[in-house]
Amino acid sequence: MADVHWLPVALNHTGGQLVVDHREGPGFGMVLELAPSIDVNGVKRWDSLSHLFDSILDALVHGTPIATASGARSVPRIEDTGDSLPHVVWDIYYG
């Protein structure tokens, strides 16, 4: 399910998405997490794209996990296989 005012910014391999909410109202600009296992309206994760990027940068620099709306925790890292552009990979955190 999606709203025409949601702008997708990220997708994972299980069908989860991050979207920016462009609906009018107090949630305008928030980053929502959508996943098959959570609320159809999405769960607020960050107040803005800026906060999302700050959070990911901090996790990349310090190796700190980021929790998802479902409670799972992952740690991002940069992977460069040499045959494509480097990209962020999210490793499940078991600590």
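A salt bridge here is a side-chain nitrogen of Lys or Arg within 4 Å of a carboxyl oxygen of Asp or Glu. The tour uses that rule on a predicted model, in which local features need pLDDT of at least 70, side-chain atom pairs count only at pLDDT 80 or more, and totals for chains, interfaces and linings use all residues. Residues are numbered from 1 along each chain as its sequence is written, and side-chain values use heavy atoms, with hydrogens and water left out.

**Whole chain**

Helices (H or I, at least four residues) and strands (E, at least two) are DSSP runs, numbered from the N terminus. The C-alpha trace spans about 40 × 30 × 25 Å along its principal axes.

Of the 95 residues, 25% count as buried. Buried means under 20% relative accessible area, exposed over 50%, and partly exposed in between (1.4 Å probe, protein chains only).

**Charged side chains**

Select Lys and Arg as positive, Asp and Glu as negative, leaving out His and the chain ends. The selection holds 5 positive and 12 negative side chains, and the centres of the two sets lie 7 Å apart. For that distance, each charge is placed at NZ of Lys, CZ of Arg, CG of Asp or CD of Glu. Side chains of opposite charge can pair when their charged atoms come close. The chain has five salt bridges.

**Arg77, Glu79 and Asp91**

Select these three next; salt bridges link them in a network. Arginine 77 pairs with glutamate 79, with 3.2 Å between the closest N and O atoms. Arginine 77 also pairs with aspartate 91, at 2.5 Å from N to O. Aspartate 91 is in strand S7 (residues 87-92) and arginine 77 is in strand S6, so this pair ties together parts that are 14 residues apart in sequence. Glutamate 79 is partly exposed at 25% relative accessibility, as are arginine 77 at 33% and aspartate 91 at 30%.

**Ser74**

Stay on strand S6 (residues 73-79) and pick serine 74. Is this residue buried or exposed? Serine 74 is buried, with a relative accessible area of 12%. Leaving aside residues up to four places away in sequence, serine 74 touches Thr64, Pro65, Ile66, Trp90, Asp91, Ile92 and Tyr93. A contact means heavy atoms within 4.5 Å.

**Arg23 and Asp21**

Move to arginine 23, whose side chain meets that of aspartate 21 in a salt bridge of 2.8 Å, N to O. Arginine 23 is partly exposed at 28% relative accessible area, whereas aspartate 21 is buried at 5%.

**The nonpolar patch**

Finish with Leu7, Val9, Leu49 and Phe53, which make a nonpolar surface patch of about 340 Å². Strand S1 (6-11) and helix H1 (49-62) each give two or more residues to the patch. Patches are made of residues with over 30% relative accessible area and no salt bridge; like charges are joined within 9 Å, and nonpolar side chains (Val, Leu, Ile, Met, Phe, Trp, Tyr) within 5 Å. Phenylalanine 53 is in helix H1 and is exposed, with a relative accessible area of 52%.

Methods
Accessible areas come from the Shrake-Rupley method with a 1.4 Å probe; for residues, only the protein chains shown count as cover.
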